[in-house]
Amino acid sequence: MLSHPIPPLYDEHSKILILGSFPSVKSREQQFFYGHKQNRFWRVMAQVLDCAVPETVAQKREMLLSHHIAVWDVIASCEITGSSDASIKDVTPNDLSRILNCADIRAIYTNGGKAQQLYQKYIFPVTGREAVALPSTSPANAGYSLERLVEAWRMIREEL
């Protein structure tokens, strides 16, 4: 059983919450979200927000917080093989109340189908808040080019 090692990124000004499923091996090693070089999250967000692609954790934090975006994951702990969402079992969900009670979150988005499925199963019944599913930025989602991802993720910009 693995526990989520990364605290949520948010502040009282956050308006958008983006939830993944569970950190990849690389993200767990780096102690920050979307740490695999092939994950397109940071490139997608930089284009959506019209920013330079952040390189360091400090730059990534600054880019998201300055645009009022919070990031965390649906899962607090689970069994997982490597970084494979398909292998996830024995899920304990994260408690989003610490974010939802602090910030005026206007919209919640999930990064990929597994995050959406887990959100619907574990978190929606608790919060009653709908989440919008966005296509995964994972390199495993090879069917989506960077351009298609950016186009799909642009709806975040409209919420800001």
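Helices (H or I, at least four residues) and strands (E, at least two) are DSSP runs, numbered from the N terminus. On this basis the protein chain has seven helices and seven strands. Read from the N terminus, the elements follow the order β-β-α-α-α-β-β-β-α-β-α-β-α-α. The radius of gyration, taken over C-alpha atoms, is judged against a globule rule of 2.2 Å times the number of residues to the power 0.38. For the protein chain this radius is 14 Å, close to the 15 Å that the rule gives for 160 residues, so the chain is as compact as a globular protein of that length.

The model is a predicted one, in which local features need pLDDT of at least 70 and side-chain atom pairs count only at pLDDT 80 or more, while totals for chains, interfaces and linings use all residues. Residues are numbered from 1 along each chain as its sequence is written, and side-chain values use heavy atoms, with hydrogens and water left out.

The overall dimensions come next. The C-alpha trace of the protein chain spans about 40 × 35 × 25 Å along its principal axes. Accessible areas come from the Shrake-Rupley method with a 1.4 Å probe, and for residues only the protein chains shown count as cover. The accessible surface of the protein chain is about 7,800 Å², and carbon and sulfur atoms hold 49% of that surface. A residue is called buried under 20% relative accessible area, exposed over 50%, and partly exposed in between (1.4 Å probe, protein chains only). Of the 160 residues of the protein chain, 48% are buried. Contact denotes heavy atoms within 4.5 Å. Among contacts in the protein chain with a separation of 6 or more, 64% involve residues 24 or more positions apart.

The interior can be described through its nonpolar core, a set of buried Ala, Val, Leu, Ile, Met, Phe, Trp, Tyr and Cys residues joined through side-chain atoms within 4.5 Å. In soluble globular proteins, nonpolar side chains tend to be buried together. The largest core here has 48 residues, of which Ile-18, Phe-41, Met-45, Leu-64, Ile-69, Trp-153 and Ile-156 touch the most other members. Helix H2 (residues 41-49) supplies the largest share of this core, seven residues.

Helix H3 (residues 57-66) has Lys-60, Met-63, Leu-64 and Leu-65 among its buried residues. The cover over the buried residues of H3 includes H2 and strand S3 (69-73). Just after H3, His-68 adopts a positive phi of about 65°.

Other residues also have positive phi. Most residues other than glycine have a negative phi. Gln-31, in the loop between H1 and H2, has a phi near 60°, and Tyr-34, also in the loop between H1 and H2, has a phi near 55°. Gln-31 is partly exposed, because its relative accessible area is 42%, whereas Tyr-34 is buried, because its relative accessible area is 11%.

His-4 is located in the loop between strand S1 (2-3) and strand S2 (16-20). His-4 counts as buried because its relative accessibility is 13%. Beyond four places in sequence, His-4 touches Phe-22, Pro-23, Phe-33, Trp-72, Asp-73, Ile-75, Ala-76 and Asn-94. The side chains of His-4 and Asp-73 also form a polar contact of 2.7 Å; such a contact is a pair of N or O atoms within 3.5 Å, where within protein one must be able to donate a hydrogen and the other to accept it, and residues adjacent in sequence count only if both atoms are side-chain atoms.

Charged pairs complete the description. A salt bridge is a side-chain nitrogen of Lys or Arg within 4 Å of a carboxyl oxygen of Asp or Glu, and the whole structure contains two. Glu-29 pairs with Lys-26, with the closest N and O atoms 3.7 Å apart. Both residues, Glu-29 and Lys-26, lie in helix H1 (residues 25-30), three residues apart, about one turn of the helix. The other bridge joins the side chains of Asp-104 and Arg-106 at 3.9 Å, N to O. At 49% relative accessibility, Asp-104 is partly exposed, and Arg-106, at 46%, is partly exposed.
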